[in-house]
Amino acid sequence: MRWTYRQRRCPVLGDGSSLERLKREGRIVVVGASLAGLRAAETLRGEGFAGSLTMIGDEPREPYDRPPLSKQVLLGRAAADHTALPRLRSVEATWRLGVPATGLDMAARRVRLADGDEVPYDRLLIATGVRARPWPHEAEAELDGVFVLRTADDSAAFARRLDSGPERVLVIGAGFTGSEIASACRERGIAVTVAERGSAPLVGALGGVVGAVAAEMQREHGVDLRCGVMVTALEGDASGRVRAAHLSDGSTVETDVVIVSLGATRNTEWLDGSGLGAGPRGIACDAGCRAFDIRGIVTDDIYAAGDVARCPHPLFGYQFLSLEHWGNAVTQARIAAHNMLSESSDRIPHMEVPAFWSSQFGVNIKSVGVPSLGTEILISQGSLREHRFVGVYGYQGRVIGAVTFDQGRWLPFYQELIETTAPFPPPFPTVDRRSDGQRPLDAAFPDPSVPTHGPTVTLGGYSPADRRMTFTPAH
């Protein structure tokens with residue numbers, strides 16, 4: 001399928017000949033030296049862009065892979081500084097690393113940097129991603145032994161602390177990252193307590209039915225899992241080292257290491273006052289990754305990709321989706337880069353079905369679609385009791401998502417059901433006769449107004465300039 005756009009012509013690059021000049025001698029700036037930023041740069045060069053390419057990043061290192069940071073690095077199987085992303089082609093870029101962007105002048109087409117410099121552009125791609133949400137009490141967050149995990153430096157510091165043999169690690173938040181951290185600690189033989197404000201691990205992303213399985217997995221592997229509680233305070237000793245955490249149920253957990261895993265914050269603050277449709281939910285884009293301004297008018301010279309972007313998806317009611325998925329970052333970056341160099345009739349939409357994976361407690365978890373949009377779940381294959389199954393999610397009578405525990409080979413089949421808007425429950429008997437049942441269950445997702453630790457897909461409503469989301473810290 002090919003979509004076309006009624007394009008608002010840019011006064012500098014408004015026709016085919018101008019696009020050819022852009023390819024030969026134009027200036028493209030990518031803010032965000034990330035997975036999305038790198039893959040977009042490679043696509044630009046691959047599609048013939050020969051002009052000036054500038055890569056801006058707030059970290060002092062070139063793009064690296066993040067999934068290993070909560071898995072292999074913590075297990076000592078890889079070094080945090082050896083996770084650089086492979087280069088698929090030379091990008092021949094000017095790298096401005098360790099200098100974050102601080103502002104955007106849309107009228108003058110300039111990106112302002114923290115060192116006072118300004119970088120002009122003809123086309124701009126924003127791929128600034130997200131950052132870890134810190135512990136909300138600043139003095140407690142500064143205690144020795146309190147960590148977050150998002151960057152390579154975060155992972156290296158946390159791995160060094162695990163190497164020192166702590167008595168107990170407290171993980172605050174049982175989303176995917178928090179659960180992976182708990183798994184790595186237990187594999188290393190370290191005592192772990194997990195505190196989760198929801199009813200179960202992964203409940204915000206996969207619902208209560210699957211969350212109950214995740215809880216069983218953690219407890220079977222020796223995790224001291226505390227659900228339905230919040231950490232109210234962290235306590236340090238006279239030397240400034242964390243020693244205990246106080247919970248909302250009145251209990252106290254003695255610990256010498258705390259890892260805060262409360263989700264992520266999208267890096268959009270630097271765009272405040274720019275006139276771009278950006279806020280806590282991300283940067284609103286059309287299906288071709290072109291950013292909207294605050295009036296809801298699409299721009300022709302600014303694009304967004306990766307975790308920071310939110311785009312409408314036809315399979316999910318055209319709601320704006322913000323996706324914290326590795327594959328989404330790659331696909332969106334390539335589409336954005338292609339469209340930056342294309343006429344309206346040659347632009348393509350981002351329509352890929354979201355997909356995600358996690359490995360924890362010896363189980364490979366994969367999902368497609370948007371399970372968190374579902375209201376019902378059918379265990380179509382396998383068994384919840386055996387922690388090996390396929391769960392299919394339904395919403396308004398159609399298949400909207402699927403999750404597998406050690407059954408990933410079935411995902412392409414369920415992805416096709418999502419893409420073809422197949423009815424729910426699926427009109428076929430289960431392939432695996434050991435399935436837990438044929439009747440759908442309430443998926444048991446928490447109230448969406450209550451934040452949880454770990455959904456990887458955020459439904460962002462329909463307004464490009466929506467800034468109404470609020471977050472209540474877990475304290």
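Trainee: How do the residues lining the second largest cavity divide into nonpolar, polar and charged?

Mentor: Keep in mind that this is a predicted model. In it, that lining splits into 5 nonpolar, 5 polar and 1 charged residue.

Trainee: And which residues line the second largest cavity?

Mentor: The lining is made of Gly306, Ala309, Cys311, Pro312, His313, Leu321, Leu323, Asn328, Gln332, His350 and Glu352. Two or more of these residues come from each of β22 (309–312), β23 (320–323) and α7 (326–340). The largest share, 3 residues, is from β22.

Trainee: What volume does the second largest cavity have, and how many cavities of 30 Å³ or more turn up in the whole structure?

Mentor: Its volume is about 70 Å³. The search over the whole structure gives 2 cavities at that cut-off of 30 Å³ or more.

Trainee: Cys311 is in that lining, so let's talk cysteines. How many disulfides does the structure hold?

Mentor: General idea first: a disulfide is a covalent bond between the sulfur atoms of two cysteines. The count for this structure is 0.

Trainee: Is Cys289 buried or exposed? And what about Cys311, buried or exposed?

Mentor: Cys289 is buried, at 0% relative accessibility. Cys311 is buried as well, at 4%. The threshold for that label is under 20%.

Trainee: On to aromatics. How many aromatic pairs are there?

Mentor: To read such a pair, you describe it by the distance of the ring centres and the angle of the planes. In this model the count is 6 aromatic pairs. One of them joins Phe147 and Phe158: the centres are 5.5 Å apart and the planes meet at 55°, so the pair is tilted.

Trainee: Which parts of the chain does the pair of Phe147 and Phe158 tie together?

Mentor: Phe147 belongs to strand β9 (residues 146–148) and Phe158 to helix α4 (residues 152–163), so the pair links parts 11 residues apart in sequence.

Trainee: What are the distance and angle for Tyr393 and Phe445?

Mentor: That aromatic pair is tilted too, with 6.0 Å centre to centre and 45° between the planes. Tyr393 lies in strand β27 (residues 388–395), while Phe445 is in the loop between β29 (441–442) and β30 (457–459), so this pair ties together parts 52 residues apart in sequence. Tyr393 is buried, at 0% relative accessibility.

Trainee: Now the backbone. What should I look for there?

Mentor: Start from the background: most residues other than glycine have a negative phi, and most peptide bonds are trans. Then go looking for departures. Phe424 and Pro425 are joined by a cis peptide bond, with omega about 0°. Pro425 is in the loop between α8 (411–419) and β29.

Trainee: Where is Thr421, and what is its phi?

Mentor: Thr421 is also in the loop between α8 and β29. Its phi is near 50°, a positive value in a residue other than glycine. Thr421 counts as partly exposed, at 43% relative accessibility.

Trainee: And Gln396, is that buried or exposed?

Mentor: Exposed, at 68% relative accessibility. Gln396 is in the loop between β27 and β28 (398–405), and has a positive phi of about 50° although it is not a glycine.

Notes:
Residues are numbered from 1 along each chain as its sequence is written. This is a predicted model: local features need pLDDT of at least 70, side-chain atom pairs count only at pLDDT 80 or more; totals for chains, interfaces and linings use all residues. Side-chain values use heavy atoms; hydrogens and water are left out. A disulfide is a pair of cysteine sulfur atoms within 2.5 Å. Buried means under 20% relative accessible area, exposed over 50%, partly exposed in between (1.4 Å probe, protein chains only). Rings of Phe, Tyr and Trp (its six-membered ring) pair if their centres lie within 6.5 Å; planes under 30 degrees apart count as stacked, over 60 as edge-to-face and the rest as tilted. Helices (H or I, at least four residues) and strands (E, at least two) are DSSP runs, numbered from the N terminus. On a 1 Å grid over the protein atoms alone, a cavity is a set of points where a 1.4 Å probe fits but cannot get out, and a pocket is an open set with protein on both sides within 12 Å along at least five of seven lines; lining residues have an atom within 4 Å of a point. Grid points are joined across faces, edges and corners, and a volume is the space filled by probe spheres set on the points. Ala, Val, Leu, Ile, Met, Phe, Trp, Tyr, Cys and Pro count as nonpolar, Asp, Glu, Lys and Arg as charged, and the others, Gly among them, as polar.
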